Amino acid sequence: MTHTKTYYIVWILIPFFVLSCTEPFSLKSIDFEDALIIEAIITDEVKYQEIKISRTFSLEEFTPSEENGAKVTITDNVQNVYEFEETNPGIYTSKTAFGATPNNNYTLTVITNNGKTYKSQPTKSPNTVPINNLYASVEIDKDTGNENISIYIDGFNGSSSSKYFRYEYEETYKILASSWVAGEFIVSSTGQLSWGELCCRPPEKRVCYNTVASDSIIQLKVENTSLGNPSAFPVRVIHRDNPVIRTRYSILVKQYAQSLEAFTFYKTLNKFSSSEDVFSQNQPGFFSGNLFSVENSKEKVVGYFDISSVSIKRIFFNFSDFFPNEPTPPYFEDCSIFQIKDISKLTEEVINNRVVFHSLIPDELPNVVAASCGDCTQLGTTTKPDFWID
């Protein structure tokens, strides 16, 4: 399961930044409030569900602190109890695989290590809405005139009562090292550098794969489901020159059907976490979800207990499918061939994996390229994903 990376920070932010200031200064929280953070998205997929529990953090700390040693359970309206255990710091995984059943109510209970109890409001699972159509299309950006490949979802079922959706995606792309050669530098145990034009770079370093998950909140409200086929919705827009589509590309999209309450919470969170709002004078302060402290009604609890139905669809395409006989996008890094004429400097760059061998020059030190240009493992893994189709 992928999670949108979300940091909840409760503070009163310094109200004004002087952008032209030349004196260095450090940011400090004027008023920091410690609060429990619960990130829980339970779906109708039968699997080991996961809940993340941490605490808010101040500007000086940079990262949240995990909440360890909590007792976590989910109870449905027919008194089925699903217990969770801490599998990693602050990460709680269900002891058994289960999926939320449509129209059932579920309640989350968290008892922290210090004995405090937190609960969610009873939350119902929406009906599943399948992704009927996921496709890619070449579009022209009206503002810039750039060519983009847009990944669209459309064809919603008009008979569905669900109107609110959230999306996540995982994109996987094939990487062909643009300057792979058989030759390789070899550094001896004494730090001596040698090289061979026909030895010893593994062929596996020529083809790699990389997977990247979405890191933003993507939402859609279908205004009129009776239309049966509202306008196509772009989940991902990729510029024509983006190297991720240079060879072969795949995207897996997850569609979460949400309640109005969940949709509103994520919409508010997305608005207040944008860069435009974080540094504005109109600070959001705290906004509540469906979680509360049992002992203290005034205590703030951050996050949302979300029950969603999920639909998944994947597509593949090649750059040449949309731009036949056209130059491919630039590589991920500048792959110009160059020389480092100082042997000690060359050795240092090789040891630090910044350059790799490219070709020989008689009576001179060899040509090199940036490491990722000749060794794709700098950018991904050589293991082909199980789902990959060439």
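Gln79 sits in the loop between strand S6 (71-76) and strand S7 (81-88). Its phi is near 70°, a positive value in a residue other than glycine. A second residue to look at is Asn103, which has a phi near 75°, also positive in a residue other than glycine. You will find Asn103 in the loop between strand S8 (91-94) and strand S9 (105-111). With a relative accessible area of 48%, Asn103 is partly exposed.

Before going further, please keep in mind that this is a predicted model, where local features need pLDDT of at least 70, side-chain atom pairs count only at pLDDT 80 or more, and totals for chains, interfaces and linings use all residues. Residues are numbered from 1 along each chain as its sequence is written, and side-chain values use heavy atoms, with hydrogens and water left out.

How confident is the predictor? The pLDDT is its confidence in each residue, from 0 to 100. For the protein chain the mean pLDDT is 85, and 82% of the residues reach 70 or more. Over residues 7-30, however, the pLDDT is below 50, and this stretch has 41 contacts in the model beyond near neighbours in sequence. A contact means heavy atoms within 4.5 Å.

Now for the chain as a whole. Of its 390 residues, 45% count as buried. The protein chain has five helices and 25 strands; helices (H or I, at least four residues) and strands (E, at least two) are DSSP runs, numbered from the N terminus. Among contacts between residues at least 6 apart in sequence, 69% join residues at least 24 apart. The accessible surface comes to about 20300 Å², of which 50% belongs to carbon and sulfur atoms. Such areas come from the Shrake-Rupley method with a 1.4 Å probe, and for residues only the protein chains shown count as cover.

Let us turn to the interior. In soluble globular proteins, nonpolar side chains tend to be buried together. A nonpolar core is a set of buried Ala, Val, Leu, Ile, Met, Phe, Trp, Tyr and Cys residues joined through side-chain atoms within 4.5 Å. The largest nonpolar core here has 39 residues, and those with the most contacts inside it are Ile151, Tyr167, Val235, Ile245, Tyr249 and Val253. Strand S14 (residues 164-176) gives the most to this core, with five residues. Leaving aside residues up to four places away in sequence, Val253 touches several others, including Ile131, Leu134, Ile153, Tyr167 and Val235. There is also a second, separate core of 22 residues, which includes Ile42, Ile74, Phe84 and Ala100.

Next, a sheet to trace by eye. Three strands form an open sheet in the order S23-S25-S24, with antiparallel pairing. Its edge strands are S23 (338-339) and S24 (355-359), each of which pairs on one side only. Two strands pair if DSSP finds at least two bridges between them, and two bridges join S23 to strand S25 (residues 367-370). In one of these places, Gln339 has Asn367 in S25 as its bridge partner.

Which links do the cysteines make? A disulfide is a pair of cysteine sulfur atoms within 2.5 Å, and by this rule the count comes to three. One joins Cys199 to Cys200, with S to S 1.6 Å. Cys199 is partly exposed at 35% relative accessibility, and Cys200 is partly exposed at 38%.

Another disulfide is formed by Cys208 and Cys376, their sulfur atoms 2.0 Å apart. This pair links distant parts of the chain: Cys208 lies in strand S17 (residues 207-213) and Cys376 in the segment after helix H5 (371-374), 168 residues apart. The torsion about the S-S bond of Cys208 and Cys376 is about 65°, so the disulfide is right-handed. Cys208 is buried at 0% relative accessibility, and Cys376 is buried at 0% as well.

Cys335 and Cys373 also form a disulfide, with sulfur atoms 2.1 Å apart. Cys335 lies in the loop between helix H3 (319-322) and S23, while Cys373 is in helix H5, 38 residues apart. With -90° about the S-S bond, the link of Cys335 and Cys373 is left-handed, and both cysteines are buried. Numbering the bonded cysteines in sequence order, the pairing is 1-2, 3-6, 4-5.

Definitions and conventions. pLDDT = per-residue confidence, 0-100. Buried < 20%, exposed > 50% of the residue type's maximum accessible area, 1.4 Å probe, protein only.
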